[in-house]
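Please open the model in your viewer and colour it by chain, so that each stop of this tour can be selected in turn.

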Amino acid sequence: MEVTFEFDWAAALGSIPHLLPGIPYTLLISFGGLAIGFVIGIIFGLLRISPLHWLRLPAGLYIEVFRGTPVLVQVLFIFYGLPQLLGGPINALVAGIAAIAVNSGAYISEIVRGGVESIERGQREAGLSLGLSRTQAFRYIIWPQALRRMIPPLGNQAIISIKDTSLFSVIGVGELVRQGQVYIATTFTALEVYLMVALLYLAITWSLSLVLRTLERKGLVGQ
Amino acid sequence: MNHSNSNSSKPIVRMDKVNKYFGSLHVLQDIDLEIVPGEVVVIIGASGSGKSTLIRCVNGLEEFQQGHIEVDGNELLPHGKSGRALQTIRTEVGMVFQQFNLFPHLSVRDNVTLAPIKVRQLDRDRATEIANKLLERVGISDQADKYPSQLSGGQQQRVALARALAMEPRLMLFDEPTSALDPEMIGEVLDAMRELANEGMTMIIVTHEMGFAREVADRVIYIHGGQIVEQGSPLEVFDNPQNERTQNFLSRVLKH
């Protein structure tokens, strides 16, 4: 039996208004999580290069644990597991943001460490030789340069985290994939809808790439 | 900046039996050294002889294990246990590095004003005024708004000199300031250093520029294997070296 299939453009385009409500959730989970992840990353990344090993150790442990386990397991643990400890349910949106935060935080810690360690020793020495304290040398000389070098890997991580949020349909948070699934359940147009879902992700990640490339180009001045 | 020889009896730098090890390597051995204000001391020696390490000990970029160092009345202790004295010394001792080490994310002017603003607590206008004067003095005033990467090596090193001078140091350390420069740019950096020496700045210079050493130094020190082997006026060391190792070294570097 010959199967013919017509791609239903009307169904594809018609699904878009039903998918769009997912975008704010996707963006909120991604960028909310990444913002917290960035703070975590700065803290743990710097602890990781501390001269004190009792500070390095817990930072290393955190990074290993959250880099070494799947983000899907992390969000399931937070959404279904933690309520058993806390004695009350956790909002799915909060669980999603928390999962992206701890997961991206682990990766960003390594990005921060790498960025800071990549700055030549002479930069710090020049700062110290001028009488700057170690903190001042870090704040005014090392960190601004490290931050610039961190832009490409941070952009990478942002794109990865945005895509990771697609997994959170499993906890019922109304992000893009979830909206698609709900819509498909009534129309059975999986091909068209998932293609649109994919294109919407691409639109988000692509816009981000453009912004990052502009940032990078600006950052090149003086390097 | 004008510490003439009036108080030359009291040394600004005193190193007393300083010993430093890198692991089992004994890189500085019983270094005794006194430098008086206004003196220009040039340290020569083969690479790996410990000459850079020696001047890096003076402003605490390197720790040492035994002995003690006094810089303008502030004492550096072994194993980096100097506390506040270290930072005091660093505000009074300027340094110029082989690789310039300018801050690439800051404009030339901001390179010069950073430390006066953050360390000396000068307001930005005053710091900028000082920076402009110093940049003019080293011939870079028209490049003040550029970034270091837009400058030639010679220009960068002159900016580095201005940056160090902005802290109004009582002593300047130069760690092979021309070794990373293209030959045609060495002269402009040496000129700036010569001018500084003529103004009476106390300077400790590690260099391979023997002609410059002969012309500018009050005293030349030859270091070999972490020890001061010979020292004296340029005339004594260059034209009549007493030690065989000094003679060997000079015969290799001086191509008469």
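Select chain B together with chain A: the two bury about 1,900 Å² between them, 61% of it on carbon and sulfur atoms, where buried area is the accessible area (1.4 Å probe) that two parts lose on being put together, summed over both. Within chain B, the residues that lose the most area to chain A are R90(B), H105(B) and K118(B), which together account for 28% of what that side buries. This is a predicted model, in which local features need pLDDT of at least 70 and side-chain atom pairs count only at pLDDT 80 or more, while totals for chains, interfaces and linings use all residues. Residues are numbered from 1 along each chain as its sequence is written, chains are lettered from A and ligands numbered from 1 in the order in which they are written, and side-chain values use heavy atoms, with hydrogens and water left out.

Next, show the residues on both sides: 23 residues of chain B are in contact with 21 residues of chain A, contact meaning heavy atoms within 4.5 Å. On the chain B side, α2 (84-92), β6 (93-96), α3 (108-118) and α5 (153-165) each supply at least two residues; helices (H or I, at least four residues) and strands (E, at least two) are DSSP runs, numbered from the N terminus.

Now pick E125(A) and R56(B), whose side chains meet in a salt bridge at 2.6 Å, N to O; the term stands for a side-chain nitrogen of Lys or Arg within 4 Å of a carboxyl oxygen of Asp or Glu. The count between chain B and chain A is 1 salt bridge.

Move on to α3(B), which is mostly covered, with 8 of its 11 residues buried, that is, under 20% relative accessible area (1.4 Å probe, protein chains only). Among the buried residues are V108(B), N111(B), L114(B) and I117(B). To see what covers the buried residues of α3(B), display elements including α7 (134-164) of chain A together with α4 (124-137) and α5 of chain B.

Then centre on S52(B), which is found in helix α1 (residues 51-58) of chain B. Not counting residues up to four places away in sequence, S52(B) touches D175(B), E176(B) and V206(B).

Finally, select residues 23-212 of chain A, where UniProt, in an unreviewed entry, places the feature "domain: ABC transmembrane type-1". The end C-alpha atoms of this span lie 20 Å apart, and the span is 83% helix and 0% strand.

Conventions
Buried < 20%, exposed > 50% of the residue type's maximum accessible area, 1.4 Å probe, protein only. UniProt positions renumbered as here; feature names shortened; annotations may be inferred.
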